[in-house]
Amino acid sequence: MDERTGWTRAQPWVSLLVRLGLAGVFLVAGLLKVTDLAANGRAVNAYQIMSYDAAMVVGAIQPFVEIVVGLLLLVGLATRLAAWLSAGMMVAFIAGISSAWARGLNIDCGCFSKGGQLPPGVTPNYLPEILRDVAFLAMAIFLIIYPVSRFSLDARLDRPFSAGVPADDDVLEEDSESSEHTAPRRERA
């Protein structure tokens with residue numbers, strides 16, 4: 001008799017979808033910015049939170065961090081760490097956008113663009129940007145809690161945080177053994 005619950009079976013698949021979705025967000029955001037680091041530095045500077053020099057450094061580093069986090073999530077390596085980094089960045093982005101809104105700044109957030117000051121007459125709409133980032137933060141928190149997912153390097157490398165959840169091969173073996181027809185059992189390497 002199978003003692004595994006529906007959530008136990010579904011969770012690694014849900015985590016896979018969340019992991020790939022968040023990976024896509026960070027890869028797209030980073031790749032859009034990496035081709036013009038100076039523009040990204042100016043976008044960070046538009047928030048008026050730090051000095052110009054600090055903003056230029058943050059703007060030059062940020063796209064690479066986003067790409068690395070996106071790649072880690074894409075392949076499922078150090079998933080919990082990547083999720084923590086994602087959550088930290090989302091909190092910083094939400095705080096930055098909220099701060100710009102509260103101070104009446106007229107800027108493009110620069111999340112998926114070059115950002116910076118908006119032209120005269122163009123009014124920013126910060127609420128959808130904040131809500132979008134809150135949704136991404138929720139995805140990151142989900143992965144912090146449930147980092148184990150299908151088709152991840154973490155599972156293949158038998159990382160400590162994947163303990164207790166079968167690797168993809170184990171689930172395939174259990175499923176084939178519980179079906180009416182019996183397939184030959186594969187040995188794990």
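1. A nonpolar core is a set of buried Ala, Val, Leu, Ile, Met, Phe, Trp, Tyr and Cys residues that are joined through side-chain atoms within 4.5 Å. In this predicted model, the largest such core has 30 residues, and the members that touch the most other members are L22, F26, L73, I97 and I107. Helices α1, α3 (52-75), α4 (79-102) and α5 each supply at least two residues of this core.

2. As for the overall layout, the protein has seven helices and two strands, and, when read along the sequence, these elements follow the pattern α-α-α-α-β-β-α-α-α. Of the 189 residues of the protein, 40% count as buried. Among contacts between residues at least 6 apart in sequence, 65% join residues at least 24 apart.

3. The crossing in which α1 passes α5 is left-handed.

4. Which residues of α1 and α5 meet? From α1 there are W7, V14, S15, V18, R19, G21, L22 and V25, and from α5 there are F136, M139, A140, F142 and L143. Sorted by class, the contact of α1 with α5 has ten nonpolar residues, two polar residues and one charged residue.

5. I97, one of the core members named for touching the most other members, also deserves a look of its own. Leaving aside residues up to four places away in sequence, I97 touches Y47, C109, C111, Y126, E129, I130 and D133.

How values were computed: Residues are numbered from 1 along each chain as its sequence is written. This is a predicted model: local features need pLDDT of at least 70, side-chain atom pairs count only at pLDDT 80 or more; totals for chains, interfaces and linings use all residues. Side-chain values use heavy atoms; hydrogens and water are left out. A crossing is left-handed if the near helix is turned anticlockwise from the far one by less than a right angle, and right-handed if clockwise. Helices (H or I, at least four residues) and strands (E, at least two) are DSSP runs, numbered from the N terminus. Contact means heavy atoms within 4.5 Å. Ala, Val, Leu, Ile, Met, Phe, Trp, Tyr, Cys and Pro count as nonpolar, Asp, Glu, Lys and Arg as charged, and the others, Gly among them, as polar. Buried means under 20% relative accessible area, exposed over 50%, partly exposed in between (1.4 Å probe, protein chains only).
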